[in-house]
Amino acid sequence: ETIYDIRLNFFSEKICKPLINLHPFILMSTPYSLRKLQEFGFKTFEGFIDESYDNEEDAKTRTQLIFQELDKFQKKSNEELTDWWKEILPALEHNQKTFINMGKRKTKKIKLLENLYD
C-alpha cells in the first residue's frame with residue numbers, strides 16, 4: 001500500500017485485486033493491517049506465511065521481515081508453489097466471496113440517500 005509508515009489502515013485497489021482474483025498476498029502496509037482485514041472477515045495465510053511482520057511497528061524492520069518471507073518463495077519449486085496454492089484455495093475462495101458480499105452491502109450514506117427519496 002502507498003501508506004506505509006503511519007498509524008492508519010488504508011486499503012486500496014492493491015489489496016482488492018488479489019482478494020477478488022484468488023491470489024495469495026503479503027500485505028506491505030501499516031502495522032496491524034492483516035488484523036484489520038481479518039476483522040472485516042478476510043482470511044490471511046498464517047501457517048503458510050509468517051505474518052509476524054504485521055505486528056512490527058518499525059517500518060524498516062517490517063520491510064526486512066516481508067522480504068525474508070518473499071525470499072522463501074523464490075526458493076520453492078513450481079510444484080511446491082502449486083501444492084501450496086491448492087492448500088490455500090479454500091481461503092482464497094472465502095476471500096473472494098467476502099469481497100463480493102462487501103460490495104453488495106449498502107453503506108449508511110446509501111441508506112440515508114435512499115430514505116431521502118422514498
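The structure is a predicted model, with a mean pLDDT of 86 over the protein chain. Its largest nonpolar core has 17 residues, and helix α4 gives the most to this core. The count of salt bridges comes to 2.

**Confidence**

- In the protein chain, 81% of the residues reach a pLDDT of 70 or more.
- Confidence is highest in helix α3 (residues 59-74), where the mean is 94.
- Confidence is lowest in helix α5 (residues 108-116), where the mean is 68.
- Where pLDDT is low, the predicted coordinates should not be read in detail.

**Helix α4**

- Helix α4 covers residues 78-104, 27 residues in total.
- At 1.5 Å a residue, helix α4 should span 39 Å, and its end C-alpha atoms are 36 Å apart, which agrees.
- A bend of about 50° occurs in α4 at I88, and the proline P90 follows within four residues.
- I88 is also one of the buried residues of α4; the others are W84, A91, L92, N95 and T98.
- The cover over these buried residues includes α1 (13-20) and α3.

**Nonpolar core**

- Within the largest nonpolar core, the residues with the most contacts are F25, L27, L37 and F45.
- At least two residues of this core come from each of α1, α2, α3 and α4.
- The contribution of α4 to this core is 4 residues, the most given.
- L37 touches F11, I15, F25, L27 and F42, with residues up to four places away in sequence not counted.
- In soluble globular proteins, nonpolar side chains tend to be buried together.

**Salt bridges**

- Side chains of opposite charge can pair when their charged atoms come close.
- In helix α2 (residues 33-39), E39 and K36 lie 3 residues apart, about one turn of the helix.
- The side chains of E39 and K36 form a salt bridge with an N to O distance of 3.1 Å.
- E39 counts as exposed because its relative accessibility is 54%, whereas K36, at 28%, counts as partly exposed.
- In helix α3, E69 and K72 also lie 3 residues apart, about one turn of the helix.
- The side chains of E69 and K72 form a salt bridge with an N to O distance of 2.6 Å.
- E69 is buried, since its relative accessible area is 4%, whereas K72 is partly exposed, at 44%.
- An α-helix has 3.6 residues a turn, so residues three or four places apart point the same way.

Technical notes:
Residues numbered from 1 in each chain as written. Predicted model: local features only at pLDDT ≥ 70, side-chain atom pairs only at ≥ 80, totals over all residues. Heavy atoms only, no water. pLDDT = per-residue confidence, 0-100. Expected span 1.5 Å × (residues − 1). Bend = angle between axes of the 7 residues up to and from the residue. Buried < 20%, exposed > 50% of the residue type's maximum accessible area, 1.4 Å probe, protein only. Contact = heavy atoms within 4.5 Å. Salt bridge = Lys/Arg side-chain N within 4 Å of Asp/Glu carboxyl O. Core = buried A, V, L, I, M, F, W, Y, C linked by side-chain atoms within 4.5 Å.
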